[in-house]
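Hello,

Here is the structure we talked about, followed by my notes on it. Please keep the model open while you read.

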Amino acid sequence: MYRYETHCHTKEVSLCAKIPAKEVVRFYKKQGYTGLFITDHFKCGGDHCLQDKSWETYIYTSCQGYARAKEAGDQMGVDVFFGWEYTHASYIGADFLTFGLDQDWLLSHPEILHMPIRDYLTTVRNAGGLAIHAHPFREQGYIEMIRLLPRHVDGVESPNANRTPFENQTAAEYAEKYGLFLFAGTDNHRGKDQTRFCGIDTEQKVQSEAHFVHLLKQGKFQRFDIQR
Ligand SMILES: [Zn+2]
Ligand SMILES: [Zn+2]
């Protein structure tokens, strides 16, 4: 079995994260993982998200955590893959992990900046990407309400290592009801200070982001949930 972290943030891009990309990679290397997906936050929903940057600069800065992690991974022998955690600025708390598309795809699709969530999900899935609703039943002060888009995602994250048993269980029931597959991730913002880890094991070594999407769609994976 090959072990992967599927939901991980870097300090370079995600303001809420505390660990730089290189340390994240070193940490997972020590834990014996084959690889990890860097899924930094990526906010869309209007020009203000750019903070006066061009789209190109916005993509470049949004991918810096991945770029540094990839460089470190190449040196340390850890497979680092790209993904992102999409959020619409008007619907904070509804987060969608997106896999299978690369930075060039983002660069050539600036229209996603202005898209409603459903259009975004349709667009990335039509392009061959995979959309996972991350921690759909998360409850937190800043989240106005729980929002579900069962007809517009491929899978649902459950368990997420940073959510409660109730939130994870409810997410699993939701997924089952709608025939969505279950996905697991740590949502690691803390690197080695994290004690519980969730993720994906595969029998085949993941060759690329597209290969990962293929394995997920075929159900060729197992979720894991461990305490360190
Ligand atoms: Zn975060
Ligand atoms: Zn996250």
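**Gly155 and its surroundings**

Setting aside neighbours within four places in sequence, Gly155 is in contact with Ile132, Leu180, Phe181, Leu182, Phe183 and Leu216. Contact here means that the C-beta atoms of two residues, placed from the backbone, lie within 7 Å. Gly155 belongs to strand β6. Gly155 counts as partly exposed because 19 other C-beta atoms lie within 10 Å. The cut-offs are these: a residue is buried with 20 or more other C-beta atoms within 10 Å of its own, exposed with 12 or fewer, and partly exposed in between, with C-beta atoms placed from the backbone. Glu176 is 21 residues from Gly155 along the chain, and their C-alpha atoms are separated by 10 Å.

**What you are looking at**

This is a predicted model, in which local features need pLDDT of at least 70, side-chain atom pairs count only at pLDDT 80 or more, and totals for chains, interfaces and linings use all residues. Residues are numbered from 1 along each chain as its sequence is written, while chains are lettered from A and ligands numbered from 1 in the order in which they are written.

**The chain as a whole**

The protein chain has seven helices and nine strands. Its radius of gyration is 16 Å, close to the 17 Å that the globule rule gives for 228 residues, so the chain is as compact as a globular protein of that length. The radius is taken over C-alpha atoms, and the rule is 2.2 Å times the number of residues to the power 0.38. Helices (H or I, at least four residues) and strands (E, at least two) are DSSP runs, numbered from the N terminus. The C-alpha atoms fill a box of roughly 40 × 40 × 35 Å along the principal axes. Buried residues make up 43% of the 228. Of the contacts with a separation of 6 or more, 73% join residues 24 or more positions apart.

**Helix α6**

Helix α6 covers residues 165-178. At 1.5 Å a residue, its 14 residues should span 20 Å, and its end C-alpha atoms are 20 Å apart, which agrees. The expected span is 1.5 Å times one less than the number of residues. Asn168, Ala171 and Ala175 are buried in α6. Seen down the axis, the buried residues of α6 fall within an arc of 60 degrees, so they line one face of the helix. The arc is that of the directions from the helix axis to the C-beta atoms. An α-helix has 3.6 residues a turn, so residues three or four places apart point the same way. The buried residues of α6 pack against β6 and β7 (181-185). The face turned away from them carries the exposed residues Pro165, Phe166 and Lys177. Gly179 follows α6, with a positive phi near 70 degrees.

**Helix α5**

In helix α5 (residues 117-126), Tyr120, Leu121 and Val124 are buried. They cover an arc of only 95 degrees around the axis, which puts them on the same side of α5. Their cover includes β2, β3 (79-88), β4 (95-99) and β5. Arg118 and Asn126 are exposed, on the face of α5 turned away from its buried side. Just after α5 comes Gly128, with a positive phi of about 100 degrees.

**Backbone points to check**

Ser158 and Pro159 are joined by a cis peptide bond, with omega about 5 degrees. Pro159 is in strand β6 (residues 155-160).

Two residues other than glycine deserve a look. Phi of Asp52 is positive, near 70 degrees. Asp52 lies in the loop between β2 (35-44) and α2 (55-62). Asp52 counts as exposed because it has 8 C-beta neighbours inside 10 Å. Phi of His135 is also positive, near 25 degrees. His135 sits in the loop between β5 (130-134) and β6. With 27 C-beta neighbours inside 10 Å, His135 counts as buried.

**Strand pairing**

Strand β1 (residues 2-8) runs antiparallel to β8 (residues 196-202), joined by three bridges. Two strands pair if DSSP finds at least two bridges between them. Arg3 stands opposite Asp201 in β8. Six bridges join β8 to β9 (residues 222-227), also antiparallel. Phe197 stands opposite Ile226 in β9.

Best wishes
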